[in-house]
Structure formats: structure tokens, C-alpha cells
Amino acid sequence: MARTPLMAGNWKMNLDHLEANQLVQKLAWTLKDMKHDYGQVEVVVLPPFTDLRTVQTVVDADKLEIGYGAQDLSAQDSGAYTGEISASMLKALGATYVAIGHSERREYHNESDELVNAKTKKAIAAGITPIVCVGEGLDIRKAGDQVSYTLAQVEGALKDIAAENVANLVIAYEPVWAIGTGEVATPADAQEVCGAIREKIAELYDQETADSTRILYGGSVKSDNVAEIMAEKDVDGALVGGASLKADEFAKIARYNG
Ligand SMILES: O=C[C@H](O)COP(=O)(O)O
């Protein structure tokens, strides 16, 4: 089962809609100059909500092959949920991906596995591909419990989700101690957990489903470390934070295989 590599740029709380317009255009031009084949490596940006309409406009107007999505969504469909953004609103803006359960949301917004599961179901119902984020903190890593901890998050996120939907979603393993620190995980660290995630999906569902699900690594990915991580058999791409805010750098990451 060939899995198309995915490089997703999580801009976090950076760039207003004017800056978003500039970055998306520069990224598109840079990749065009590199003769990038999006069928070989999928490229997606996840801007702040306020930028999505602008990104949709530039992608549609210039017929860009860059995908885009959101960094979160509500577990509700609509109604009295001040400040929340629904799956249907994201769908109306052409979003094709949505990050769910990022460690920064689990930490700062106390998001539980149950909430991540509910949000994942909403994304699937709307036809938006979830990028479900999991990963351990430094204390768990130091205790050597990264695999069991992360697999518990995976199980919680996938509860009562059908195999065909799991086959088409994305899981991003992002060790919290590697996020924004420059302390990128070794390829072996990434493979250990990404491989365990694939085995867990095979156990929960079946091997065909497990072989279809794309599993990304995230945490201080840069153009000078991505290739060795991508060489690992169960790593299908990267969820990139800081490095995705620079068109040249993110384009080099997307072009990890030369
Ligand atoms: O979503 C992206 C991850 O949090 C990684 O961020 P980073 O590349 O800045 O370490």
C-alpha cells in the first residue's frame, strides 16, 4: 500500500491574512521553480482561522495545488458556543484537513482524549481529513513510557471510528519535548513510536487499514533533518511548525527527496 507523503505546515498563532497571502504565493512559486510534483509529496498549510478565506481565494484564483486546513474545530455542529468554529464552516472555506488534539491545545485548553475523539468524528462527518496529534512529554519519555502513553492517546482518539475512516485519516506523532525546542527526535525515536502506532491500528482494526493510515512526525523538523526521518518505514511525512513559516525552508522540507 503506497502512502503519499504529506508535509503539513502548522502556522500556529502566526501571520495575519495579508501575510498568509504572501506566504502561500511565495511557497507556490518556490515549489513551481523546483518543479515539485504534488502527487509525489502532498503539501498542506494550516493557517489561523482568520486567514482561511484569504488562503482559499489565492489557492482557487491561481489554481494552486497547495492544500489547506485548520488547526482545530468545534466538537459541536452549531449554536451557543462562543468563539468556536464548526466543521461545516471549515468545509465551506474549502478546508481539506484539520489538526485535532495538538499538544498545545491539550495543555492550554485541557483537551481530553474524549474531546479529541468527538472532534475527529465531526471532521470525518464533514468530509475533512483529521490530523490527530499525539505524543508524550519529557517526563514520560524519561520514564521510557512514550509508546504506551502515545498508544493510549491513539486508542482514545479512534474510539468507535470505523476502519474505512481510520484508513483515510492522519496521525501526527509529536513528542512534546521536541516541539519548538530544536531537540528533534532521532529517526529511531520517531520510528519506534510511529511503528507502534501502525501496529496498534492493525490490532484495533486490520493490517490493510494500518497500512493505509498516514503517520507523520512533528517536532523541530527542518530541511536538514527531515530526510533521515522520512527514511524510516513508518514515517509518512511531517507536521512542521516554525519551519513552515518560511517559504524557502518549508519548500525544501517538501522536497526532502531531492
Ligand atoms: O505542529 C507542529 C509541531 O508542534 C512542531 O512545531 P515545530 O516544528 O515548531 O517544533
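## Basis of the model

The model is predicted: local features need pLDDT of at least 70, side-chain atom pairs count only at pLDDT 80 or more, and totals for chains, interfaces and linings use all residues. Residues are numbered from 1 along each chain as its sequence is written, and side-chain values use heavy atoms, with hydrogens and water left out.

## The annotated pair

UniProt, in an unreviewed entry, places the feature "active site" at H102 and E174. UniProt positions are given in the numbering used here, feature names are shortened, and annotations may be inferred rather than shown by experiment. The two residues are spread over 73 residues of sequence, yet they cluster in space, with a largest C-alpha distance of 8.4 Å. Of these residues, H102 is included in the lining of the largest pocket. A pocket is found on a 1 Å grid over the protein atoms alone, using a 1.4 Å probe; it is an open set of points with protein on both sides within 12 Å along at least five of seven lines, and lining residues have an atom within 4 Å of a point.

The side chains of E174 and H102 are joined by a polar contact of 3.1 Å. A polar contact is a pair of N or O atoms within 3.5 Å; within protein, one must be able to donate a hydrogen and the other to accept it, and residues adjacent in sequence count only if both atoms are side-chain atoms.

## Where each residue sits

H102 is found in the loop between β4 (97-100) and α4 (103-108). Helices (H or I, at least four residues) and strands (E, at least two) are DSSP runs, numbered from the N terminus. H102 is buried, at 4% relative accessible area. Buried means under 20% relative accessible area, exposed means over 50%, and partly exposed lies in between (1.4 Å probe, protein chains only). Leaving out residues up to four places away in sequence, H102 touches N10, K12, C133, E174 and I179. Contact here means heavy atoms within 4.5 Å.

E174 lies in the loop between β6 (170-173) and α9 (187-204). E174 also counts as buried, at 5% relative accessibility. Not counting residues up to four places away in sequence, its contacts include H102, C133, V134, G135 and E136. Also among them are I179, G218, G219 and L239.

## Around the ligand

The ligand is surrounded by 13 residues; the closest are K12, H102, E174, G180 and S220. A residue is near a molecule if one of its heavy atoms lies within 4 Å of it.

For H102, a side-chain N or O atom is 2.8 Å from an oxygen atom of the ligand. For E174, the corresponding distance is 3.1 Å. G241 uses its backbone: an N or O atom there lies 2.8 Å from an oxygen atom of the ligand.

## Strand β6

In a regular strand the side chains alternate between the two faces of the sheet. Both faces of β6 are covered. V170 and A172 are buried on one side, and I171 and Y173 are buried on the other.

β6 has parallel partners. It pairs with β5 (residues 129-134) over four bridges, and V132 stands opposite I171. β6 also pairs with β7 (residues 214-217) over four bridges, where Y217 is the bridge partner of Y173. Two strands pair if DSSP finds at least two bridges between them.

## Helix α12

Helix α12 (residues 247-254) is mostly covered, with six of its eight residues buried. The buried residues are A247, E249, F250, A251, I253 and A254. They pack against β1 (6-10), α1 (17-33), β2 (42-46), α11 (226-230) and β8 (237-240).

## Loop residues

Most residues other than glycine have a negative phi. L15 has a positive phi, near 75°. L15 is found in the loop between β1 and α1 and is partly exposed, at 25% relative accessible area. K35 also has a positive phi, near 55°. K35 lies in the loop between α1 and β2 and is exposed, at 71%.

H36 lies in the loop between α1 and β2. H36 counts as buried, at 11% relative accessibility. Its side chain reaches the backbone oxygen of V41 at 2.8 Å. Beyond four places in sequence, H36 touches L31, V41, V43, A254 and R255.
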